[in-house]
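The following note is meant for a colleague meeting this structure for the first time. Please read the points with the sequence and model in view.

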Amino acid sequence: MIAEFAIEPRVMAQWRHFHSLHDDFGVPRGRFIARFPREWAKQVAQLAHQLTHNKTNSPLNAKRIEEHLFSEAFKRKVVPARRPYDPDKPWLVNATGLPEEQTFQAIIAETTCDDHPKVLLAGEFLKDDPLYHIDTGTKILRTAKELAACAKPLLKVSEELQLVDPNFKVRDHFSRPVNRFLATLEEILRLRVEMPHPLRKLELHLQRRDDQSSEATRRDFEKSLGRAIPTGHVVKVFLWSARQGGERLHPRFLLTEFGGIKYDYGLDEGEKGEQTEVALVPDNLWKKYRQDYSESGTAFAIEPARDIFVVNGS
């Protein structure tokens with residue numbers, strides 16, 4: 001659902017290409033731009049101004065490119081490439097010379113490369129080209145591995161994870177352990193700990209149970225959740241309640257600082273062969289949900305002293 005693309009700096013530095021491409025990227029569109037090389041944005045901005053000399057760009061459009069590149073909205077479209085780059089070689093040689101396991105979904109370049117099947121010629125390819133087309137929703141098996149794997153491109157780059165599932169529980173009404181939620185959480189964290197940058201935020205948002213006190217829920221989570229969290233990690237748990245006449249806590253999400261994924265049936269494992277729909281969250285709704293599920297959110301009710309607690313990994 002989300003793939004990484006490499007765009008040659010000289011391509012993105014031309015207003016006609018920038019204008020055509022920039023709205024196609026970001027989590028809701030299922031496409032990330034790889035920061036390849038590390039100074040990618042700086043190179044694009046410098047080239048955009050240089051291209052005013054031959055009238056490829058107007059000064060106004062060069063300034064627009066620079067402003068977009070360093071805006072918060074555009075920064076969410078660009079992610080670290082974490083691939084080798086030799087500054088002594090041409091950009092396209094670097095992009096096409098990667099080992100197979102590091103190749104990009106597609107490479108958008110100013111010139112073609114006949115011996116590389118993933119190069120798209122800027123301004124010439126159709127946006128329904130199979131290399132460029134990305135499905136922003138799909139159906140997957142309700143297994144921990146599948147539920148986590150569809151989020152891996154987000155887990156690779158994000159430092160803030162918010163898991164939202166009103167029904168998330170570690171024990172049922174008879175105090176029996178419930179493992180189907182923990183299995184998914186453990187798999188998500190297993191994929192995440194493989195990444196080189198640490199998590200800054202890990203939160204779990206669920207609905208406060210009417211049949212159990214917050215203190216009892218806290219004890220259950222400290223006992224069961226602590227074992228699922230890697231040592232050194234901390235999860236902040238929020239127990240929300242619907243406001244009278246307000247919206248219900250129904251949708252299930254994985255939210256990050258880049259964007260989010262909606263899980264139709266939830267984050268728990270299902271019966272064998274059972275499937276669920278997953279879809280990328282539109283940007284306007286992502287902003288709303290990030291606010292709703294924050295300590296300053298007002299969509300739902302919470303008593304911080306009672307309904308927010310921290311569990312340490314053991």
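**Notes on the model**

1. The structure holds 1 cavity of 30 Å³ or more. A cavity is a set of points, on a 1 Å grid over the protein atoms alone, where a 1.4 Å probe fits but cannot get out. The model is predicted: local features need pLDDT of at least 70, side-chain atom pairs count only at pLDDT 80 or more, and totals for chains, interfaces and linings use all residues. Residues are numbered from 1 along each chain as its sequence is written, and side-chain values use heavy atoms, leaving out hydrogens and water.

2. The volume of the largest cavity is about 50 Å³, where a volume is the space filled by probe spheres set on the points. Its lining (residues with an atom within 4 Å of a point) includes F168, V170, L206 and F221, as well as K169, R171, R209 and D220. By class, the lining has 4 nonpolar, 2 polar and 4 charged residues. Helix 10 gives the most to this lining, with 3 residues.

3. Helix 10 (residues 214–228) also packs with helix 9 (residues 180–193), at an angle of about 35 degrees and with axes 9 Å apart. In contact (heavy atoms within 4.5 Å) are L182, L185, E186 and L189 of helix 9 and S224, L225, R227 and A228 of helix 10. This contact has 5 nonpolar, 1 polar and 2 charged residues.

Technical notes
Axes are lines fitted to C-alpha atoms, for helices over the stretch in contact, and angles run from 0 to 180 degrees between N-to-C directions. Helices (H or I, at least four residues) and strands (E, at least two) are DSSP runs, numbered from the N terminus. Ala, Val, Leu, Ile, Met, Phe, Trp, Tyr, Cys and Pro count as nonpolar, Asp, Glu, Lys and Arg as charged, and the others, Gly among them, as polar. On a 1 Å grid over the protein atoms alone, a cavity is a set of points where a 1.4 Å probe fits but cannot get out, and a pocket is an open set with protein on both sides within 12 Å along at least five of seven lines; lining residues have an atom within 4 Å of a point.
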